[in-house]
Amino acid sequence: MHSTDIAHAPTPEPAQGDRRRWFALAIVMTAAFMDLVDVTIVNIAVPSIQRDEGATFSQIQWITAGYALAFAAGLVTGGRLGDIHGRKRVFLVGIGGFTAASALCGLAVNPEMLVASRILQGAMAALMVPQVLSIVHATFPAHERGKVFGLFGAIVGLGAVSGPLLGALLTEWNLFGLEWRPIFLINLPVGVAALVLGSRFITESKAPRALKLDLPGVALVTLALLMLLYPLTRGRELGWPVWGHVSMAGALVVFAALVAYERAKGARDGSPLIELSLFRVKSFAAGIAVQTVFGVGLGVFFLVWTLYMQIGLGWSALRAGLTGVPFSVAVSVAAGVSVQQLVPRFGRKVLQAGALVMAAGVLIYLVEADHYGLGITSWQMALPLAVMGVGMGLVVAPLTDAVLSEVPREHAGSASGLINTVQQMGNALGLGLVSVVFFGVIDEELAPAEVGPAFVDGFTHALGWVAAVLGAIFLLMFALPKRPAQHVEGAAGAAGAAETPAAGEEGAGAGALTGSL
């Protein structure tokens, strides 16, 4: 059978007796775990990178934002490439490229090379991560997928807890005198193993009806975000030049051009990057807004938080990593309770309560940071971090299902891809805004004795912004359905159940935790 025949043939129901599917599951879960941990591991090491490499603050913003931007811009196209050329093939290209980019990050000789390597790493993650759920969907029969998605939830919880700790330990141990570099180099043996085993155990699959690529759409999205983010991150250092304001205003024009182009492409061949008809569904449009704004808030908080602890308070990476454990544990526990027990009974109110609880945790943190100043301890941070974690867990796990619940089934794949994309875009935007809400209140020339108090002030100022963002999210959630559907069949079920955790992340993304934690 030729490849074109395969592309248009219906995907058969997976065989239940094939043991190889569990090996395939372990391999794709390892890839999802690598992506999630890679984001969290970098956040904790950023101050060490800044100190050792002499990176500017805008460069350390781009070490994180560059990854999120490339990931966001390529997510939908990555999924579509898998549908057209084969999910196994694209997955292997993605994990091979991700491993190579990790090596380049670990061997970077200056901050510029590290930023470029991180952008490449994000682009490769955009090829790798979307295939994970597609491969699961093609490999497991319908009645086994619930168990599989439960395992995904466990992997996310493990990644949320282990990422910061692993980053802290690898940075503290200074293996072979390599300082922070092992946080990237650790991906090499894992990636090579996944590449070898994946080529053997993953079964190839393609979409029954392969859509066309929309590369001009990707180019317009990327251009608009760059026109917005670059002036935001560099503006403070350059004294907010006129060209920066022109560029940010021009980003709105490019976004408008994107909408016009996507409308025309949808009418022409039915395969736009963004399915604009989805925005006529009120709950989906509101959910996209929630995901974007939530990404902004998390992007601001996590970068500012690690800079505050390690540069402002002078804590080690290990102490900072251990301080975050109550937050990670609370997210994991609350996420499980939210999906299994609370949302089926109380619906949208759980998500709104989560936004308010998280905002309360932020405000408690703000008061404590202001009150204790440089004398604050990890134990004093435990309460606000646990409260924040509970709030985030209540929101992040059920949010995708709530957003997808009124989306037509035939558009479930496009919708779930768009949800993850906008959250990563929001995350990148939040990282860009750090230069305004945090560095904007810190003097550029500080004596050593002034650094700590200045960073404490910057942290409390940023927390005020994060609390305001969470208040906006609470209001936006009134447009979500009161009772999200218990499950969405077919592709939507797969996407809704797993894409929130798997890819933000920090993707957590690609879902909510990837690129977030």
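1. The largest nonpolar core has 101 residues. Phe284, Phe301, Tyr308, Tyr365 and Phe459 touch the most other members. Helix H11 (residues 282-312) gives this core the most, 14 residues. A core here is a set of buried Ala, Val, Leu, Ile, Met, Phe, Trp, Tyr and Cys residues joined through side-chain atoms within 4.5 Å. Buried means under 20% relative accessible area, exposed over 50%, and partly exposed in between (1.4 Å probe, protein chains only). Helices (H or I, at least four residues) are DSSP runs, numbered from the N terminus.

2. A note on the source. This is a predicted model: local features need pLDDT of at least 70, side-chain atom pairs count only at pLDDT 80 or more, and totals for chains, interfaces and linings use all residues. Residues are numbered from 1 along each chain as its sequence is written, and side-chain values use heavy atoms, with hydrogens and water left out.

3. Take Phe459. Leaving aside residues up to four places away in sequence, Phe459 touches Phe301, Val304, Trp305, Tyr308, Tyr365, Ala369 and Phe438. Contact means heavy atoms within 4.5 Å. There is also a second, separate core of 34 residues, with Val28, Ala126, Val132 and Phe152 among them.

4. Helix H8 (residues 187-201) has 15 residues. From first C-alpha to last, H8 reaches 20 Å, close to the 21 Å expected at 1.5 Å a residue. That expected span is 1.5 Å times one less than the number of residues. Asn187, Gly191, Ala194, Gly198 and Phe201 of H8 are buried. Seen down the axis, the buried residues of H8 fall within an arc of 115°, so they line one face of the helix. The arc is that of the directions from the helix axis to the C-beta atoms.

5. What do the buried residues of H8 pack against? The partners are helices H2 (20-53), H4 (87-106), H5 (111-139) and H7 (182-185). The face of H8 turned away from the buried side carries exposed Pro189, Val196 and Arg200.

6. The whole structure holds 17 aromatic pairs. Rings of Phe, Tyr and Trp (its six-membered ring) pair if their centres lie within 6.5 Å; planes under 30 degrees apart count as stacked, over 60 as edge-to-face and the rest as tilted. Phe302 and Phe327 pair edge-to-face, at 5.6 Å centre to centre and 75° between the planes. Phe302 is in H11 and Phe327 in H13 (residues 325-346), 25 residues apart. Both are buried.

7. Val109 lies in the loop between H4 and H5. At 62% relative accessibility, Val109 counts as exposed.

How values were computed. Helices (H or I, at least four residues) and strands (E, at least two) are DSSP runs, numbered from the N terminus.
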